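Subject: Structure for you to look through

Dear colleague,

Please find the structure below, together with some notes that you can follow while you have the sequence and the 3D view open.

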Amino acid sequence: MVDIHHASFADLTGHEVYSICKLRVDVFVVEQNCAYPELDGADEHPGTVHFWHSIDGTVVSTLRLLRSGGETRIGRVCTAASARGRGLSAQLMNAALAQADGETVVIGAQSQLEKWYGGFGFVRSGPDYVEDAIAHLPMTRTASPRRDPHGSSNDGVLGQ
């Protein structure tokens with residue numbers, strides 16, 4: 001099992017920031033061919049907690065938990081292609097949801113991952129939409145969550 005790390009932006013080392021950003025760019029911008037500002041300012045927000053797995057100092061899976069404007073949101077969920085299928089994103093989701101215990105959490109999920117996120121208690125909360133040519137849907141996990149006791153081993157998560 002790979003250790004789960006988490007920290008606010010102010011507590012990240014320069015190498016950790018670079019490694020998290022590199023993974024997100026590799027997955028979202030290069031692999032998924034998305035054209036949006038990956039570095040959107042939310043990473044530095046005091047209400048953001050970054051979660052990640054690293055192997056030999058390289059981040060292989062990450063997500064962020066953002067608390068802002070009365071909303072708690074999980075986003076930027078991704079795993080390196082070389083590390084998929086190990087359940088790393090599921091472990092990070094469980095860790096982030098444990099930290100957000102008692103809070104309603106929202107996500108903008110890629111549509112093909114609706115069932116995967118459903119395993120963590122998220123339910124569709126609106127109509128589909130397209131973002132960067134990828135079908136998405138809004139999902140919400142209420143403050144009284146349905147927990148997935150086993151986590152999910154489907155680590156096909158590319159990102160959102």
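Which residues does Ser61 touch, not counting residues up to four places away in sequence? Before the answer, please keep in mind that this is a predicted model. Ser61 touches Leu23, Phe51, Trp52, His53, Cys78, Thr79, Leu88, Ser89 and Leu92. Ser61 itself sits in strand E3, which covers residues 58-68, and it counts as buried because its relative accessibility is 0%, where the cut-off for buried is under 20%.

In soluble globular proteins, nonpolar side chains tend to be buried together. In this model the largest nonpolar core has 22 residues, and the members that touch the most other members are Leu63, Ile74, Met93, Tyr117 and Phe122. The elements that give two or more residues to this core are strand E2 (48-55), E3, strand E4 (71-79), helix H2 (88-99), strand E5 (105-110), helix H3 (114-118) and strand E8 (134-141), and H2 gives the most, with five residues. Another core, of 13 residues, lies apart from it, and Leu23, Val27, Phe28 and Cys34 are among its members.

Strand E5 is also the place of Ile107, a residue that counts as buried because its relative accessibility is 2%. If you look for Leu137 as well, you will find that Ile107 and Leu137 are 30 residues apart in sequence, while their C-alpha atoms are 8.4 Å apart in space.

Lastly, there are the cavities, of which the structure holds two of 30 Å³ or more. The second largest cavity has a volume of about 40 Å³, and it is lined by Phe9, Leu12, Val17, Ile20, Cys21, Arg24, Asp43 and His50. Helix H1 (residues 14-31) supplies the largest share of that lining, four residues. How many of the lining residues of the second largest cavity are nonpolar, polar and charged? The lining of this cavity divides into five nonpolar residues, one polar residue and two charged residues.

With best wishes

Notes:
Residues numbered from 1 in each chain as written. Predicted model: local features only at pLDDT ≥ 70, side-chain atom pairs only at ≥ 80, totals over all residues. Heavy atoms only, no water. Buried < 20%, exposed > 50% of the residue type's maximum accessible area, 1.4 Å probe, protein only. Contact = heavy atoms within 4.5 Å. Core = buried A, V, L, I, M, F, W, Y, C linked by side-chain atoms within 4.5 Å. 1 Å grid on protein atoms, 1.4 Å probe; cavity = no way out; pocket = protein on both sides within 12 Å on 5 of 7 lines; lining within 4 Å. Points joined across faces, edges and corners; volume = space filled by probe spheres on them. Nonpolar A, V, L, I, M, F, W, Y, C, P; charged D, E, K, R; others polar.
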